[in-house]
Amino acid sequence: MAMTESSRQVGVVLRRRSIDNPWIDHMWSPVMILDEVPATAPWTVLSAEADATIYYAGAASIDLFSSDTANYRDNLADDEPRIWVALRRQDGGSELELTKVTADPTEGEAMFESGCDVIGTVPMPPDIASWIAAFVDEFHVERAFHKRQRDRADGNGQRMPDGSPDERRGRI
């Protein structure tokens, strides 16, 4: 069965907030996903206050794959579906680059373990939720769960790698 995919460009808005911490002076977090990419240059300041600055970080692609429709469906079934955003520092410096935007909760959780510098979630815009729901409706195939059967051991629990009893110890 061939895998089907669909992609959509979105805009990403981030907040840089000053914090009182002895090791770092600010923290980045995603604020929102724009369902259309604006004609605004990446890293444009949208608003600035004393302790926080809001940036349009740039465009990113949300990619959907037919093999992941169960994950999208689970996300959409939540009271507040989410989009995960990951950023990484470029060459160890202070500039950030968007590395991934996803609607797949499994992939989003894996990003937390991947070493990205900034990861967060934002509410999924309704237009993107509709697009994902249509993709799931078209391509989701329910897959049966098959529980693997374990080999039964003899009374002493001794089995050879091929599953036969361990005859070297006189156990048959």
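For me, buried means under 20% relative accessible area, exposed means over 50%, and partly exposed lies in between, with a 1.4 Å probe and protein chains only. Helices (H or I, at least four residues) and strands (E, at least two) are DSSP runs, numbered from the N terminus.

A note on the source: this is a predicted model, in which local features need pLDDT of at least 70 and side-chain atom pairs count only at pLDDT 80 or more, while totals for chains, interfaces and linings use all residues. Residues are numbered from 1 along each chain as its sequence is written, and side-chain values use heavy atoms, with hydrogens and water left out.

**Entry 1: helix α2**

I then looked at the start of α2, where a side-chain oxygen of Asp104 comes to within 2.9 Å of the backbone nitrogen of Thr106.

**Entry 2: salt bridges**

How many salt bridges does the structure hold? I noted three, taking a salt bridge as a side-chain nitrogen of Lys or Arg within 4 Å of a carboxyl oxygen of Asp or Glu.

- Arg8 and Asp127 meet through their side chains at 2.5 Å, N to O. This pair links distant parts of the chain, with Arg8 in strand β1 (residues 5-18) and Asp127 in helix α3 (residues 126-139), 119 residues apart. Arg8 is buried at a relative accessible area of 16%, whereas Asp127 is partly exposed at 38%.
- Glu107 and Lys100 form a salt bridge at 3.3 Å, N to O. Glu107 is partly exposed with 28% relative accessible area, and Lys100 is partly exposed with 26%.
- Arg82 and Glu80 form a salt bridge at 2.5 Å, N to O. Glu80 counts as partly exposed at 43% relative accessibility.

**Entry 3: around Arg82**

I stayed with Arg82, which lies in strand β5. Its side chain also makes a polar contact with the side chain of Thr121, at 3.0 Å. A polar contact is a pair of N or O atoms within 3.5 Å; within protein, one must be able to donate a hydrogen and the other to accept it, and residues adjacent in sequence count only if both atoms are side-chain atoms. Leaving out residues up to four places away in sequence, Arg82 touches Asn75, Ala103, Thr121, Val122, Pro123 and Met124.

**Entry 4: aromatic rings**

I count rings of Phe, Tyr and Trp (its six-membered ring) as a pair if their centres lie within 6.5 Å; planes under 30 degrees apart are stacked, over 60 edge-to-face and the rest tilted. The count comes to five aromatic pairs. One of them is Trp28 with Tyr55, tilted because the planes stand at 45°, with centres 5.3 Å apart. Trp28 is in strand β2 (residues 26-34) and Tyr55 in strand β4 (residues 52-65), so the pair ties together parts 27 residues apart in sequence. Trp28 and Tyr55 are buried.

I also looked up Tyr72 and Phe135, whose ring centres are 6.4 Å apart and whose planes stand at 70°, so this pair is edge-to-face. The pair links distant parts of the chain, Tyr72 in helix α1 and Phe135 in helix α3, 63 residues apart. Both Tyr72 and Phe135 are buried.

Last, I noted that Trp28, Trp43 and Tyr55 form one aromatic cluster.

Technical notes: Contact = heavy atoms within 4.5 Å.
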